[in-house]
Number of protein chains: 2
Amino acid sequence: MAERGPRRRVTIADVARHAQVSTTAVSKVLRNAYGASPAMRDRVKAAIEELGYRPHAAARAMRGRTFTIGVLLPHIRNPFFADVLDGVNEQLAGTSYQAILVQGGGTDLAAESRAIEALIDRQVDGILMIAPLTAKSRLEEVSAEMPLIVLGRHERSSAYDAVFDDDDAGTELVVRHLIELGHRRIGHISQRCPGRGRPLALPHLTRAETYRRVMDEHGLAAEIAIAVTSWTEEGGYDGTRELLARSPRPTAIFAGDDQAAFGALAALHEAGLSVPGDMSVAGYDNTKLAAMANISLTSVDQDGVLMGRTAARLLLERVEGRAAAMRFSVTPTLVPRRSTGPAPADQG
Amino acid sequence: MAERGPRRRVTIADVARHAQVSTTAVSKVLRNAYGASPAMRDRVKAAIEELGYRPHAAARAMRGRTFTIGVLLPHIRNPFFADVLDGVNEQLAGTSYQAILVQGGGTDLAAESRAIEALIDRQVDGILMIAPLTAKSRLEEVSAEMPLIVLGRHERSSAYDAVFDDDDAGTELVVRHLIELGHRRIGHISQRCPGRGRPLALPHLTRAETYRRVMDEHGLAAEIAIAVTSWTEEGGYDGTRELLARSPRPTAIFAGDDQAAFGALAALHEAGLSVPGDMSVAGYDNTKLAAMANISLTSVDQDGVLMGRTAARLLLERVEGRAAAMRFSVTPTLVPRRSTGPAPADQG
DNA sequence: GGGAAAGCTTGAAACGTTTTAACAGCGTCG
DNA sequence: CGACGCTGTTAAAACGTTTCAAGCTTTCCC
């Protein structure tokens, strides 16, 4: 029979008693607030040290801050999010803020809503949402309750800050790269979008739109071919098989992101096609794996660490009181590798 | 100037007033506690619905439960953890519990300690730690404060539950597989362990130990070669280069986990060696990518989703009051693929 | 030396929930 | 018919912190 929590938690009152001051005094020292003499400050700090006191976050949440920032991300699985999170933690290190993560159920809008409510109910000081599906109007409601940064969406709002990659520029880089290599039939793999209202400014929609635009600008409107699956290995695999079934089949695929591109490479391997001899493949995100010699996937680099760091910085600024909305955009760069090459001589 | 939080949160008192009952009554309905008539229950539920009331987690934390379970994981980047988390969320769906994640800084022990404290201070109802580095004694301290499940470690403790893969069996499967293919010089890639005390029963230590044992049992003690880097793409790459520098070089590598194996494949590609012609490679975890046709990595499958589901179930049982410690172990299976093959004719 | 201002310190209220103990109402049993 | 036990309900205390308003020194100025 494990006795649960036998010794009571050290509270601010214990510290106060031990340091022979009032609880208010201790609270002030803890928060570096005005009205505590250096002498008292030292005495209280010594007591805190001696007793091993740690503030009780829940109790703090009742009145003041909780020193917690909530991060909502669609799914753990995407390695790009790991970069973003590294940036966030890097920026938070040294402050007294802690990041807690909640996973929002991929393309499940209801699950995402629950996750957001969970963060609000847990009284975090601010929320960072990574590529949320939720409608803009709801985001603005949330930002009325607490500071909010949205990472990866392009819409302009005066209520919350936005940090995003210039997906339009990045996509243009890839598609032009393929066109300059002589490709004309370039396929694209995109994601299903669950929201039924106005389309959101999510990366996959921007990338699909820009893909269409650039194709069109080069007189390739007739060659536009989009497979709508999902940006996972399986999605890339399925999407590629769908594109391969076309006749004539594409000579290049812009897979939308790296994970889908990995699936595409697998599908092509299985179909006995060589890369880039028979088919060029490009991804997006420049994940670590894309850089590996045996994969060598052409990709677009968006600095995820920088985005995460910036998002965290903006969020802390908001928590500290900044009111005006800000936007921060990262300019992507093309990283050409061996998965893309000249288009094969056309036999159609 | 965004007005922050203009309308007060709906509280239990508002609900009580609206339903013409006491706050206690509302609380009872919320917790499905004894002592509320069906009629009252209905009335209160209607009021909750009408007002859109949601319980304030921080306030709850002051007295009762917070309906939150904390998950500590070393790093987001490992795709195996994504499986585990899927299992956890699957098990939690339908309950009123929410999982929150905290990232524990990879191999940084101090960062992990801070993350654990953060969860305790936030008063979660229970903690699930995935492959923590923290000393057993500290884990037992933590489990005195709140229910704890440790996933991925083998030690036996009467204080907390353990869910783990039988790494010993899994490793034996791989190493025997390679030996049966005729390999004698089999290299291994392991991770550095930060703890300086008694070695912990962490997966990478068990795997390394079993690798030694099986090699020894087959009279291959002299051929043991371990590169200690880390289980990441970079670590696998570096470790493989280290192993390749040996003379004579190994004919097979058991990379420890899939991510390291991907790095190994890249290093071999770069060195101009064919897989499995010149060198066989095996991983562990059977990630999605390992199954892709172009990679086709031999790996060991441990059912991460099942482990996550089980861990969450055990944790909820603990939260509900179970006292006796339990252990749950998953039996791994070998998934042979094209990255392993017969040893090349020995020229040394 | 008197009074105001400034600086430091404090008790008590507040936050939103759960829990404890007590209280009516009502039937039952001795 | 009074004591008793059940049921449904309630008022009030408790949780650990922050904040408010007020109290107490000390300092400074005229």
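This is a predicted model: local features need pLDDT of at least 70, side-chain atom pairs count only at pLDDT 80 or more; totals for chains, interfaces and linings use all residues.
Being near a strand here requires that the C-beta atom of a residue, placed from the backbone, lies within 6 Å of the strand.

A word on conventions. Residues are numbered from 1 along each chain as its sequence is written, and chains are lettered from A and ligands numbered from 1 in the order in which they are written. Local features need pLDDT of at least 70, and side-chain atom pairs count only at pLDDT 80 or more, while totals for chains, interfaces and linings use all residues.

Helices are DSSP runs of H or I with at least four residues, strands are E runs of at least two, and both are numbered from the N terminus. Nonpolar covers Ala, Val, Leu, Ile, Met, Phe, Trp, Tyr, Cys and Pro; charged covers Asp, Glu, Lys and Arg; the others, Gly among them, are polar.

Now DNA strand D. It is surrounded by 26 residues, the closest being A:I12, A:S27, A:G64, B:G35 and B:M62. Here the largest share, five residues, comes from α2(A).

Next, the two chains. Chain B superposes on chain A by a rotation of 180 degrees with 0.0 Å of shift along the axis, at RMSD 0.1 Å. The two copies are therefore related as by a two-fold rotation axis. Contact requires C-beta atoms, placed from the backbone, within 7 Å.

How many residues of chain B touch chain A? There are 47, in contact with 48 of chain A. On the chain B side, α11(B) gives the most, six residues. That side has 27 nonpolar, 10 polar and 10 charged residues.

The largest nonpolar core has 88 residues, and A:L128, A:L151, B:L128 and B:L151 have the most contacts inside it. Such a core joins buried Ala, Val, Leu, Ile, Met, Phe, Trp, Tyr and Cys residues through C-beta atoms within 7 Å; buried requires 20 or more other C-beta atoms within 10 Å of the residue's own.

How values were computed:
Copies are superposed by least squares on the C-alpha atoms of residues with pLDDT of at least 70 in both. A residue is buried if 20 or more other C-beta atoms lie within 10 Å of its own, exposed if 12 or fewer, and partly exposed in between; C-beta atoms are placed from the backbone. Two residues are in contact if their C-beta atoms, placed from the backbone, lie within 7 Å.
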